[in-house]
Protein chains: 2
Amino acid sequence: MASAYAQLEALFGRIGALESAMSVLQWDASVMMPAGGGPARGAQLAGLSRLRRDLLAEDRVADLLDAAQGEALDEWQTANLRGMRRERVHAVAVPGDLLEALTKAGISCEGVWRGARESNDFAAILPEFEAMLALVKESAAAKGEALGCTPYEALLDENDPGRRTAEIDRLFGELSGFLPAFLDRVIERQNATPAPPVPVGPFPLTQQRLLARDLMTAVGFDFAHGRLDESQHPFCGGVPDDVRLTTRFDESRYDFSTMAVLHESGHAMYEQGLPAKWRGQPVGQAPGMAVHESQSLCVEMQASRTAAFQGWLAKRLSAAFGEDPAWEAEAVLRRATRVRRSMIRVEADEVTYPLHVILRYRLEWAMLGGDLVPVDLPGAWNDGMADLLEVTPANDREGCLQDIHWFLGAWGYFPTYTLGALAAAQLYATAKAQTAGLEDALAEGDFRPLMGWLRPHIHERGSLTTPADLIETATGQALGTAVFKAHLEARYPV
Amino acid sequence: MASAYAQLEALFGRIGALESAMSVLQWDASVMMPAGGGPARGAQLAGLSRLRRDLLAEDRVADLLDAAQGEALDEWQTANLRGMRRERVHAVAVPGDLLEALTKAGISCEGVWRGARESNDFAAILPEFEAMLALVKESAAAKGEALGCTPYEALLDENDPGRRTAEIDRLFGELSGFLPAFLDRVIERQNATPAPPVPVGPFPLTQQRLLARDLMTAVGFDFAHGRLDESQHPFCGGVPDDVRLTTRFDESRYDFSTMAVLHESGHAMYEQGLPAKWRGQPVGQAPGMAVHESQSLCVEMQASRTAAFQGWLAKRLSAAFGEDPAWEAEAVLRRATRVRRSMIRVEADEVTYPLHVILRYRLEWAMLGGDLVPVDLPGAWNDGMADLLEVTPANDREGCLQDIHWFLGAWGYFPTYTLGALAAAQLYATAKAQTAGLEDALAEGDFRPLMGWLRPHIHERGSLTTPADLIETATGQALGTAVFKAHLEARYPV
């Protein structure tokens with residue numbers, strides 16, 4: 001008879017197969033699927049998701065988890081067992097029918113949201129949105145009870161295990177205390193000199209596609225274990241041995257695909273670098289989305305926006321699109337580090353981005369707690385933008401309808417973007433301090449020294465520890481705002 | 001409390017989600033997956049397949065099946081229940097560990113087979129092949145016991161429900177009694193006149209790709225619910241609402257992609273035409289591969305090789321590739337109906353194709369029964385080719401290593417190709433007799449009259465009846481060889 005732990009590994013191997021199948025099917029839905037395939041795909045994903053939940057919820061899993069607790073396990077097995085227990089708690093807390101209702105609401109609400117955003121019509125999404133919020137509240141309450149935390153924290157815990165709002169309130173309080181005044185000074189200083197020259201498009205798609213592959217290769221992407229494709233919104237999907245990275249190419253913009261590919265390549269390198277021995281097991285996965293985002297931002301924001309790398313990139317851009325003063329290194333760098341008060345989060349620079357996130361954090365927290373009702377969201381959104389960023393959206397399309405998350409059912413997710421940015425700053429600073437020639441290499445388009453540091457300190461550790469411990473061990477200090485602020489002050493002199 | 005039948009529908013909906021997920025993942029593996037993704041995909045598919053088996057094998061499913069038997073069910077529900085019972089019998093008969101061993105052997109043996117075929121080295125595949133055969137025998141014996149039939153019939157039953165060897169022996173006996181002499185006379189007659197002119201390539205891929213889409217559109221393929229892609233071997237995968245059709249384009253040949261697309265479009269139309277109300281349920285699926293093949297051959301062999309359609313196709317070919325006497329209608333038709341004694345099944349014409357299948361049927365039957373051992377396969381293959389087709393392969397690559405089926409674990413599958421050809425002849429003859437202007441429409445590249453007949457008589461009936469009843473009801477006679485022989489005699493005068 002196999003040990004309880006061994007039986008659990010076999011079971012979670014099957015659960016891992018379900019999860020990785022869902023990941024490939026989600027990629028396919030965004031990249032390949034014909035329009036008419038949506039309902040069938042929705043049924044597939046809902047069915048697999050329900051199967052996953054039911055497998056985790058079986059009584060024998062609880063018995064095995066208890067029995068395995070008493071077995072002799074090494075450090076990795078112990079962490080794996082902890083991850084198994086965590087997945088079960090999250091799965092069991094939400095009854096199967098509620099999970100199915102949430103899945104269906106997500107599919108339906110997302111569809112209506114696409115139309116409502118297109119036609120700038122918040123009223124059109126309101127009934128679906130209210131129904132979604134009611135289901136999310138029910139799920140959050142059930143999970144909060146199971147985890148012994150607040151409902152909001154229970155949702156957060158799914159995306160960033162162990163994170164609690166007291167810490168986020170403190171970190172975000174420090175950022176909202178610092179950023180607005182800093183932003184004023186950065187923009188004032190930028191406006192004191194003429195804007196950098198802008199290259200004239202169009203930027204042929206063939207060249208952009210070649211450049212995208214060059215950049216992925218530079219970062220270290222392994223094309224034997226992954227692909228580059230195109231989708232409306234860039235993302236990194238698939239599984240560690242077969243990473244599916246996507247971007248969007250726009251003939252009128254060279255920078256969108258360039259930076260999107262660098263960002264997603266950071267995610268991809270993390271996936272490809274996760275411990276191969278633990279594929280499909282909880283401990284073999286990234287410990288949440290904040291750490292995952294730290295990897296994309298380490299590449300896109302920290303490394304790629306250095307003067308060193310932008311100098312190399314400038315030569316590549318010039319080779320791809322032809323001679324132009326706008327491709328001089330200084331001009332390319334200045335455009336890549338230009339700060340603007342803008343309406344759209346996904347287009348925001350690294351100075352204003354946390355303010356976009358803080359707004360969403362406040363609003364979703366208020367909606368879950370009942371202090372804000374959906375019908376009042378547009379007004380609250382615009383007030384928050386005025387307060388934090390001193391701009392007001394002209395309409396809901398560039399306001400509260402811009403992001404897919406809430407309509408899809410992803411609540412308690414937004415904070416991970418900014419927690420990831422803080423972690424990225426600490427990781428990059430540490431890697432640079434501990435790795436001779438890291439930026440000399442970036443000046444040659446070579447990410448190997450950076451990856452050589454990230455591999456053992458982050459990628460290969462999987463979920464051996466909590467996200468908090470992982471960052472603290474790697475950087476020598478708990479997650480905070482100091483290094484991030486210092487990074488901004490160094491890159492954006494005022 | 002939901003009725004037992006309703007509970008079963010919910011369960012089989014989830015099983016259907018698993019199956020359809022596997023189908024998309026298999027398509028992805030052939031079309032999209034990077035080389036390094038193979039092991040992870042193998043683990044995914046093995047995990048999903050095991051989950052499917054375990055769900056079907058649960059005791060409560062047997063209880064529900066028994067309880068549902070006593071409930072008031074309509075005709076479709078009754079047929080669905082029969083399909084559920086059949087799926088459970090097949091699933092339970094093979095223990096989970098044997099299923100996993102078979103899945104893994106298939107993945108491993110297929111990999112070795114690719115290399116062995118490439119290097120024409122039968123000895124290299126022999127150990128894996130012997131191991132595969134041992135597992136297939138074990139599985140066939142277990143299934144035969146459960147189904148109350150011979151082990152070979154149990155494998156056949158998976159692919160063509162209810163078919164037994166006595167019927168195949170009779171049908172194949174009639175064909176092997178007729179075809180060799182007929183083939184002699186056809187070739188003699190063909191050789192009495194000069195060969196048709198052959199167009200000079202290359203045939204640009206861009207034109208071939210456009211033509212392929214044109215042909216799919218002509219047949220009636222719904223691109224809102226499907227895609228065309230490229231893979232080494234053409235196939236039709238995906239799910240009814242999202243059919244993934246593939247072909248291969250070769251600049252030196254225009255006819256390969258043309259005929260492959262027509263063949264796969266026949267499969268695709270069947271999938272897209274299955275009863276929408278029964279998606280994901282057993283009764284909503286095609287009743288086996290013989291009927292499925294009848295649909296591809298009805299399009300590719302019956303309809304597309306008529307003088308009517310070849311005349312339309314000739315104009316399209318000329319428009320695509322430029323003026324050439326070889327694109328005259330008569331030349332195009334003569335090339336499309338040229339008969340040859342060839343080594344390779346997938347390239348065979350419709351006269352010799354059944355002989356290739358009969359050889360494989362005899363050999364796999366002998367191997368499963370122990371009358372032929374794998375080490376003797378190459379010699380037996382070559383003897384069989386000499387006997388049936390009067391040709392001898394120059395090596396195993398064009399002999400017993402040419403097909404993937406046995407190495408992948410697909411035994412008892414080959415007969416369905418020829419059973420499908422017989423059914424296609426009956427269906428087309430009946431459709432033509434009952435549909436005014438069917439071939440006039442084909443002469444305009446219009447398959448709507450043919451599909452208008454196939455939809456209600458085949459597609460929309462799903463698995464409401466057995467394959468045998470389906471064909472007999474649609475054509476007014478049991479499956480036989482008479483109509484097929486008459487078709488050959490009409491198309492290939494001697």
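Predicted model: local features only at pLDDT ≥ 70, side-chain atom pairs only at ≥ 80, totals over all residues.
C236(A) stands opposite L245(A) in β3(A). β2(A) and β3 (residues 242-247) of chain A run antiparallel and are joined by four bridges.

- Three strands make up an open sheet, ordered β1-β3-β2 (chain A).
- The pairing in this sheet is mixed.
- β1 (226-230) and β2 (236-239) of chain A are the edge strands, and each has a single partner strand. One side of each is therefore left without a neighbour in the sheet.
- From one strand to the next, the twist averages 20°.

**Strand pairing in chain B**

- β1(B) and β3(B) run parallel and are joined by five bridges.
- Within that pairing, D229(B) has T246(B) in β3(B) as its bridge partner.
- Strand β2 (residues 236-239) of chain B runs antiparallel to β3(B), with four bridges between them.
- The link from β2(B) to β3(B) is a hairpin through two residues.

**Burial of β3 in chain B**

- Strand β3 (residues 242-247) of chain B is mostly covered, with six of its six residues buried.
- D242(B), R244(B) and T246(B) point one way from β3(B). V243(B), L245(B) and T247(B) point the other way.
- In a regular strand, side chains alternate between the two faces of the sheet.
- Both sets of β3(B) residues are buried, including the charged-type names D242(B) and R244(B).

**Overall build of chain A**

- Chain A holds 21 helices and three strands.
- Its radius of gyration is 23 Å, close to the 23 Å that the globule rule gives for 494 residues. Chain A is therefore as compact as a globular protein of that length.
- The C-alpha trace of chain A spans about 70 × 50 × 45 Å along its principal axes.
- Of the 494 residues in chain A, 48% are buried.
- Take the contacts in chain A between residues at least 6 apart in sequence: 72% of them join residues at least 24 apart.

- At the interface, 34 residues of chain B are in contact with 32 residues of chain A.
- On the chain B side, the elements giving two or more residues are α1 (4-31), α2 (38-57) and β1 (226-230).
- The residues on that side divide into 17 nonpolar, nine polar and eight charged.

**A loop residue: R305(A)**

- R305(A) sits in the loop between α11 (289-303) and α12 (307-321) of chain A.
- R305(A) has 19 C-beta neighbours inside 10 Å, so it counts as partly exposed. A residue is buried at 20 or more.
- Leaving aside residues up to four places away in sequence, R305(A) touches Q310(A), A336(A) and T337(A).
- R305(A) and A394(A) lie 89 residues apart in sequence. In space, C-alpha to C-alpha, they are 30 Å apart.

Notes:
Residues numbered from 1 in each chain as written. Chains lettered and ligands numbered in written order. Rg over C-alpha atoms; globule rule 2.2 N^0.38 Å. Buried ≥ 20, exposed ≤ 12 C-beta atoms within 10 Å, placed from the backbone. Contact = placed C-beta atoms within 7 Å. Pairing = 2+ DSSP bridges. Axes fitted to C-alpha atoms, helices over the stretch in contact; angles between N-to-C directions.
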